[in-house]
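Here is a short briefing for a first look at this model. Keep the sequence and the 3D view open as you read.

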Amino acid sequence: MSDINNATIQLSDRAKELHNVMITKGSGALFTQQELSERSGLASLSDLMSIVQELLDKNLLKLVKQNNELKFQAVDFFEAQKKSTMSAEEALVYSYIESSGREGIWSKTIKARTNLHQHVVLKCLKSLESQRYVKSVKSVKHPTRKIYMLYHLQPSIEVTGGPWFTDSELDVEFINSLLTIVWRFVSECTYPGGFSNFQNGSQGALYAPGIKNYCSLEDILQFIEQAQVANVQLNLGDIRSLCEVLVYDDKLERVLHDHYRVTLSSVMQMNQVASVSQADDATDMYAESEYSIFDFHTVMAPSSMDKEAVYFDEWVL
């Protein structure tokens, strides 16, 4: 692809040589004027600026301001070819979207920075979207705003909200299920019987003092990945957030840095809920097993021979 685009963009030999030197350092590498002079081997400033201007005209070079200093950044041939097909307004809009990176940029901000009419901005955005150069995404912080970024980029966590958001809305059900899974896993590490260790009023078994009875963030993350209970990629920071919520709810306690175990009160509370549930089930079973005459009654059809007989079921009905 690079060779094809190289053939379609005509460059002088010195401009092509300088661009190749810059692009080998990576598309994100920045160069000062002095560095360009050294790499091009040109001592004359006018000759160097002539080559730089040629690359700028072909969209193969762009200026980047870093620490109040202008630097030069090479652009690959595919990107330059893409920009060469755009109108001046589209290229201007595209440049601001490109500079926004994974954070994206609001459509009204594009209008304010480009000083273009709203109708022109919308027309450019529609054209760029149809060619899959840019895309619009939803922002968690600003749900009503239309945010644009380059088509191939993934939105940052600040835009999407991370794994806790689905379609820009907080996924409470997913978070609660993960909190339960994390708590139960840590309880299995804390007590031999896990969260059922103190059921039915028993004192429960405890690990010997020399045995590790807590979990690290790595242990929890590995368990969640192996169990495949999450359909999104989680990292240690996400697991730490879940554990801190459980610490705040007094369900986990921090033993060491990024190491946790369950609190005794949370285990006892879980057993109380289980005991009440079992008692309710037993009561329901007893109530259902009580004798009722209406469960065993039978209906006898009146006999045509007994004209004066009155049957009990007829009398009741």
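Start with Leu242. Setting aside neighbours within four places in sequence, Leu242 is in contact with Trp164, Ile175, Leu178, Leu179 and Val182. Bear in mind that this is a predicted model. The points below cover the cores, the strands and the cysteines.

**Nonpolar cores**

- The largest nonpolar core has 25 residues. Val182, Ile220, Ile239, Leu242, Cys243 and Leu252 touch the most other members.
- Four elements each supply at least two residues of this core: α10 (172-190), α11 (217-227), α12 (236-248) and β11.
- Helix α10 gives the most to this core, with nine residues.
- A second core is separate and has 20 residues. Among them are Met86, Leu116, Tyr148 and Met149.
- In soluble globular proteins, nonpolar side chains tend to be buried together.

- Strand β10 covers residues 252-256, and strand β11 covers residues 259-262. The two pair in the antiparallel sense, over four bridges.
- Within this pairing, Arg254 has Tyr260 of β11 as its bridge partner.
- Two residues lie between the strands of the hairpin. Asp258 takes a positive phi there, near 65 degrees.

**The three-stranded sheet**

- Three strands form an open sheet in the order β4-β6-β5, and their pairing is antiparallel.
- Strands β4 (105-106) and β5 (134-137) are the edges, as each pairs on one side only.
- Strand β6 (residues 147-150) is joined to β5 by four bridges, and the two run antiparallel.
- Opposite Ser136 stands Tyr148 in β6. Tyr148 is also one of the residues of the second core.
- Helix α8 (residues 118-130) lies across β5 and β6. The helix runs at about 105 degrees to β5.

**Cysteines**

- How many disulfides does the structure hold? The count is zero.
- A disulfide here would need the sulfur atoms within 2.5 Å.
- Cys243 is buried, with a relative accessible area of 0%. Cys215 is buried too, with a relative accessible area of 0%.

Methods. Residues are numbered from 1 along each chain as its sequence is written. This is a predicted model: local features need pLDDT of at least 70, side-chain atom pairs count only at pLDDT 80 or more; totals for chains, interfaces and linings use all residues. Side-chain values use heavy atoms; hydrogens and water are left out. Two strands pair if DSSP finds at least two bridges between them. A nonpolar core is a set of buried Ala, Val, Leu, Ile, Met, Phe, Trp, Tyr and Cys residues joined through side-chain atoms within 4.5 Å. Buried means under 20% relative accessible area, exposed over 50%, partly exposed in between (1.4 Å probe, protein chains only). Contact means heavy atoms within 4.5 Å. Axes are lines fitted to C-alpha atoms, for helices over the stretch in contact, and angles run from 0 to 180 degrees between N-to-C directions.
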